[in-house]
Amino acid sequence: MGPPEDPVEPLWRRWLEARNRRGLRTALFIGLTLYPAFGALDVIIAPREALPWLWGTRIAFVAVALLLFGVVRSPTTGPWLEYLAAAYLWFAAAGIALMTSFVGGLASPYYAGITLVVVAAGLLFVWRPRVVIITHSAIVGTYVVVNLVQPSVGPVREALSNLAFLSATALIAGVGQVLLFRTQREQHEQRVRLERTTANLEKAHLELQQLDQFKSRFFANMTHELRTPLAMILTPLELLMQGEMGSFTPAQKSSFSTMFRSALKLLKLINDLLDLSRLEESRLRLDVKEQDLAEHLRALTEQSQVLARRKSITLDFRPGAPRAEVWCDLERMERVFVNLLSNAIKFTPPGGHVAVSLGERPDAVVVEVEDDGPGFPPERASRLFERFYQVDMEGTRRYGGAGIGLALAREIVLLHGGAIEAHSDGRRGARFRVVLRKGRGHFRPESLATPAAAPEIDAQAGIDWAVQLSSGRDFRLLDIEEAAERRVVDRDTDEEVRPYTAVVVEDSAQIVQFIHMTLRRQFKVLAAPDGLKGLELARRERPNLVVTDLMMPGIDGLELTRRLREDPDTRHLPVIMLTARGELDDRVKGLETGVSAYLTKPFSPKELLTCARQLVRAKEQTADLVLHQRMESLEIVAAGLAHEMNNPLNYVKNALARVRQDGEDSLALLDAAVGRPLDAAERERAARIGARVRELLTVADSGLKRLAGTVELMGRYGRAGYRRELVPHDAWETVRTAAAVVLPATGRHVEVALDLQGDGVVECVPEELGQVITNLLQNAIEAVPEETGRVLLRGRVEGEELVLQVKDNGPGIPAEVQQRLFTPFFTTKGPGRGMGLGLTITRRVIQTMGGSLQFSSPAGQGTEFTVRLPLRQRPPPTPEARQAAEAGSA
C-alpha cells in the first residue's frame, strides 16, 4: 500500500474543477459574442476575396463553441476540463492566426485578437503550470507557423513589433496564471486546515460541555449522599450536648460543641453546593409568597447585632419605608442577606460599621449592605459573583471561604427576576445592592415549586432532618457568627507548669481549639491568627514547637518557616506544617524551607501528639545527620520523583505555551483571510507557525514519554520484590536523544556538540542513565552564556570503562560552592528553578551502577564533569570504597 492521500488534495481538485468549469462557460459566452461581432471589421479591413475564409473560420468557431456548451455540462468532463479549456482557447487563437494570413500576415492588426485570447486565459482559468506553458506556447507558435507557411509576413518592422508584444503578453499572463494557481492552492490548504481545526475545536467544546454536565450530576449526587453520614454525626452529638447520654466535664462538652458546629458548617457547605448544582441543571424551585422584607430584615439585623458586637462592629438597619411587600422565597432570600452580612462583618475591621438599608421604588424593592472595610478593586466587581472566585485568590488566603456564597446569592436573585450588584472604589468600603421586582408576573413558571413539592420531604425518613436543622437560629446565622468570632482558646489555669510551650499559627478557631485539646496536657498553647503575629510570638516566647497552617493571612506557612530559619534565635525550632493540600510540590517546598514534619488535614490527635513529642524530645543533631535522615525518608523519595518529573513537565509546559500563542496568531491569520487573500508575508508567517508547532509538539511528546518512563520506573521500584533490571544499552543513543530534547526545551541559544567514539553499549538501567545524562546536560546548558555558550559531550571507551565528559564554557563553579555541590537541597539557581537534588541524585545513581562522577572547574574556564561507568556491571562498592570515591569527587 502506498502512502495515504493528503485529505486536502480531493477538496482542492473539486474546487479547481468547479472554478475552471465556470471559467469555461464564461469563455464560451464571450467567444460566441465577440467572435461573430468582429466579423463587421472583416468588411472594413480585409480584402473582399478573403471574406469567405474569414467568415467561414468564424462560423466554424461558433459551431465548436455551441458543441462545447453541451460537453461542459457533463460531470464526466471534470478531469479533462483544463485540457478542454486550453484546447478551446487554442482553437480561438488558431482561427485568428488563420485570419492574419489573409490580412497582413505577421504585421496584421488582427494579432490583437490573439492577445485578447491570451489575456482571457490568464483571467478566467486556474491551470497547473504545465498546462499554462503548453497553452501559451502553442498560441504564439501557431500564430508564427501559420503566417510562415502561407507565407505572409508583411512589413518586417510591424511583424516584429506584433510578435514581441504578443510574446510578452503571453509571458506575463502565463506567469500570472502560475502565481494565481499557487496562491489559490495555498489559500485553499489554509482554509481547509483552518476549517478542520475549527471543527475539532467545536467537537472538543462539545465534549467539554458534556463532561461539565457529567461533573454537575456527579457533584449533585455526591453532595446529596454526604448528608446521610452527617446525620449520623449530628444526631448523636446533639444528644451528647443535651445530656441524654450521661454527664460530661466542661472540657468534654466544649469538644462536643466544637464538633457540632464544625458538622453544621459542613452541612451548610453541602447545602450550598447542592443548590448550586440544582441551579446549574434548572432544578431549584422557589416557594414564593408575599413577604414584608422590612419586618424580616429588621429581625435579622437585631439577631446579628449581638454577634457583630463580638468584633466591636456597629450594625445598623435603615428602613426607607415602614413596609416593603414583595413576592419571594423568604428562606432563599434570607440566605442571600445572611451571606452579604457575613461578608461585610468578615471584611470590616474591629470598630467598623455595617449598615443595612431598605428602599422602595415604584416597581421594585432595593436592599443595600454597606461596610467600611478594605473594599475591592473596581475592575473585579463582576467577577465577585463567579463560582469559587475570591478577591484574595493568592496562597495566603487572608479571609478564607469557599467562594460559592456570592455565586449562589446571584443565582437566587436572578431566579427571582432581580439583580445584584457590587460597588467599591478599591480604597475603602464596599456596597452590595439587591433589587427585587414587585408582583409575581416576572417569575418563570418552571422556577416555581408546585404545592406538593414545596416542602422538601424525604420519602424514607418522613421529614428531612436537614430542614429541621437549617430552620434553627444557630444554623441560619452560622456564617455571621463565624465572621464575628474572635475568641480562640481559653487559657488553662495550670498552663505555666507544663513542660513545653507550643505556638499554634492558624486562622481557623476550630482548628486551634482542636490542637489545644490535643496538646494541653503537655504543652502551654499560645495561638496566633496569622503568620506575622505568629512570627512575633515565636520570637518573643521562644517555644519548643511551632505548629502552623500552610495557607494563612499575611504570610503563609512557608514564608513563616523561612523567616524562622533565617533568625539565629529561632532556626532550631521544630515546625509542624498543617495543610489540606497534600500535593508533592507543597511538601517539597516545605522541606526545602525547613519544615520538620507535615500533617495533612484531617489528622488524628494521636498523630499530632506523637509527632510533637518526638520533635521536642529529639536531641540536637548535626546538619549532615539531619540531611541523612531526610534522604532516607519518604519525603526525599517523593522529592526525587518530583525532580525527575520537573524537567519534562517544563518541556511540555513551555511547548504548550508557545503552541497556545501560535494558535492565537493562526486565528488572527484566519480573520485576515476572510475578506482577502493572504499576502506573501502572511503566508510565510503561517508556514513558520506550522513548522514551529510541529517542532514544539515533538518536544512535548518527548517530555510526556520521559514522564511515562519515570512513572513506570518508580512503579517498579515500589513493587514488592523489585529487582533492578540491567540490560545492554547504547549510551551514545541516550546522549543524542537527550541533546535533541533538552536544548529546545530550555529555549536557550547555545551550541551543543557531540563527539562520541567507539561502541557505547553499557550494562545499566536505561532510565537511570538517561536521568544522569539529562541532569548533567541541562546544568551545563543553563550555566553557559546566551549566543556564545557551547557545551561539548565527549564520549569514548577506555579499557573496560565507558567515559563521558560534559564540558561547558561557562564562568565555572566558585570555590566556596564546590564543597557543597553534592549536598542535598543546595542550589545556586533562583526560586522555582530547582530543588538542589539533581547532582545528589546523579551521583547516587552513578555510584549504584559501580561508577564514579568527578568534576573540575578552574576559575573562569568553564566546568567539566566526567562520568566513568563499567561496561559490565560489577558487585557494588564497599562503604570504604564509596567514601574514597566521594572524597575524590569532592
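Helix 10 is mostly covered, with 13 of its 18 residues buried. Buried here means under 20% relative accessible area, exposed means over 50%, and partly exposed is in between (1.4 Å probe, protein chains only). Keep in mind that this is a predicted model: local features need pLDDT of at least 70, side-chain atom pairs count only at pLDDT 80 or more, and totals for chains, interfaces and linings use all residues. Residues are numbered from 1 along each chain as its sequence is written, and side-chain values use heavy atoms, with hydrogens and water left out. Helices (H or I, at least four residues) and strands (E, at least two) are DSSP runs, numbered from the N terminus.

**Helix 10**
- Helix 10 takes in residues 330–347, and at 1.5 Å a residue its 18 residues should span 26 Å. The expected span is 1.5 Å times one less than the number of residues.
- The end C-alpha atoms of helix 10 are 26 Å apart, which agrees with that expectation.

**Pro 374**
- Pro 374 sits in the loop between strand 5 (364–371) and helix 11 (405–415).
- Its relative accessible area is 35%, so Pro 374 counts as partly exposed.
- Thr 348 is 26 residues away from Pro 374 in sequence, yet the two are 7.3 Å apart in space, C-alpha to C-alpha.

**Strand 11 and its partners**
- Strand 11 (residues 575–579) is mostly covered: five of its five residues are buried.
- Val 575, Met 577 and Thr 579 point one way from strand 11, while Ile 576 and Leu 578 point the other way.
- Strand 10 (residues 545–549) runs parallel to strand 11, and four bridges join them. Two strands pair if DSSP finds at least two bridges between them.
- Going from strand 10 to strand 11, the chain passes through helix 17 (residues 557–566), and this β-α-β crossover is right-handed. Right-handed means that, with the strands pointing away from the viewer, the path from the first strand over the helix to the second runs clockwise.
- Ile 576 in strand 11 is the bridge partner of Val 547.
- Strand 12 (residues 597–600) is also parallel to strand 11, again with four bridges; there, Leu 599 stands opposite Leu 578.

**Glu 864**
- Glu 864 belongs to strand 19 (residues 863–870), and it counts as buried because its relative accessibility is 15%.
- The side chains of Glu 864 and Arg 794 are joined by a polar contact of 3.2 Å. A polar contact is a pair of N or O atoms within 3.5 Å; within protein, one must be able to donate a hydrogen and the other to accept it, and residues adjacent in sequence count only if both atoms are side-chain atoms.
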